[in-house]
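Please open the structure in your viewer and keep the selection panel at hand.

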Amino acid sequence: MLIDTFGRRAVDLRVSLTDRCNLRCTYCMPEQGLAWLPKPQLLTDAEIVRLVRIAVADLGVSEVRFTGGEPLVRPGVVGIVAACAQLTPRPELSLTTNGIGLARTATALREAGLDRVNVSLDTLDRETFHTLTRRDRLPDVIAGLAAADAAGLRPVKVNTVLMRGVNDGQAADLLGWCLERGYELRFIEQMPLDAQHGWDRSTMVTAEEILALLSERFTLVPEPDERRGAAPAERWLVEGFTAADGAPARVGVIASVTRPFCRACDRTRLTADGQIRNCLFATSETDLRGALREGGSDLEIAELWRKAMWGKKAGAGIDNPDFAQPERPMSAIGG
Ligand code: SAM
Ligand code: SF4
């Protein structure tokens, strides 16, 4: 098992398939992009599947989420999903995407064994989308969401980051739009993980503000805490609305900055270049690629992974006076 000194057990593996992306969201990447990881440093498809197999078969991981950069720009994504769906025990498989490639891939991903998707969408206004992502691709994302829903990748979840003065005025519109389509919306507080170090606590939109913005139009009822488990999102039932499966509709807020949920964290992360991160905010990593390429056995690799998780800190520490943003930006960790 992957346990740490605080007794937390990691069962949820996030696998970054690439650090590349076809958008340039202002809160994530600079306009000119970043120096991408050199190809020889990237894990091959077979190496990724081997590490996921070790995580599932030897280390107790039960959920695997593929992320990026943008995971759908990796040519082998469908094959990786298919191979992971054959593992025993079979992990739950999901993917976080900006949605651009989904119209083309949703059916193949579903057939390969993907269970669910989270699609990032911050606005329904084409100009605001262009401002936020520096690309004019809103129609592709909307088509991607519809394709995911039609392919049965349900419940389709939507992730939104609000930026003050840019899209914060559109929060209630987004919720209304998602409720109409049976998508589950979750807002994520902006975190200090952008490559340009532009995050400013004094201007970020807080969970409290998000709830106030939504409450102007909707009646939100807190979902009992015991239903939350290790989920970072706090959830509210939206009175008068039902989800696609007939259950009460919900909206979530991930208050990673103002109400961090580190004490129940159950995540472990693998980067596209084969490094284990025990926290989104970790400042050190454990190299599995080296061990893999030097002929390490499954047992040896599992032991390195265990050690990496054992050293996990109590919390992200964003509020500590000595907080330092990790060198690796969000686009190369995966969120
Ligand atoms: N490209 C894919 C996408 O956008 O969904 C997957 C990777 S992206 C890094 C994963 C999630 O992180 C997205 O929902 C994105 O909005 C979120 N994200 C990126 N930068 C962030 C930041 N600085 N603070 C909070 N969330 C962020
Ligand atoms: Fe790309 Fe996702 Fe980062 Fe936006 S948030 S730039 S889509 S990796």
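This is a predicted model: local features need pLDDT of at least 70, side-chain atom pairs count only at pLDDT 80 or more; totals for chains, interfaces and linings use all residues.

Twelve of them form an open sheet with mixed pairing, in the order S7-S8-S9-S6-S5-S4-S3-S2-S1-S10-S11-S12. To locate the two edges, select residues 220–222, which are strand S7, and residues 286–287, which are strand S12; each of these strands pairs on one side only.

Next, select strand S4, residues 116–120, together with S5: the two pair in the parallel sense over three bridges. Within this pair, highlight Ser120, whose bridge partner in S5 is Asn159.

Now select ligand 1 and display its surroundings. Which residues are the closest to it? Of the 18 residues that surround ligand 1, these are Tyr27, Gly69, Thr97, Ser120 and Met191. By class, the shell comprises six nonpolar, ten polar and two charged residues.

- Glu70: a polar side-chain atom lies 3.2 Å from a nitrogen atom of ligand 1.
- Thr97: a backbone N or O atom lies 3.2 Å from an oxygen atom of ligand 1.
- Met191: a polar backbone atom is 2.8 Å from a nitrogen atom of ligand 1.

Finally, display the surface around the ligand. On its own, ligand 1 has 540 Å² of accessible area, of which the protein covers 95%. The elements that contribute two or more residues to the shell are strand S3 (92–97) and strand S5 (157–161).

Definitions and conventions
Residues are numbered from 1 along each chain as its sequence is written. Chains are lettered from A and ligands numbered from 1 in the order in which they are written. Side-chain values use heavy atoms; hydrogens and water are left out. A residue is near a molecule or strand if one of its heavy atoms lies within 4 Å of it. A polar contact is a pair of N or O atoms within 3.5 Å; within protein, one must be able to donate a hydrogen and the other to accept it, and residues adjacent in sequence count only if both atoms are side-chain atoms. Accessible areas come from the Shrake-Rupley method with a 1.4 Å probe; for residues, only the protein chains shown count as cover. Helices (H or I, at least four residues) and strands (E, at least two) are DSSP runs, numbered from the N terminus. Ala, Val, Leu, Ile, Met, Phe, Trp, Tyr, Cys and Pro count as nonpolar, Asp, Glu, Lys and Arg as charged, and the others, Gly among them, as polar. Two strands pair if DSSP finds at least two bridges between them.
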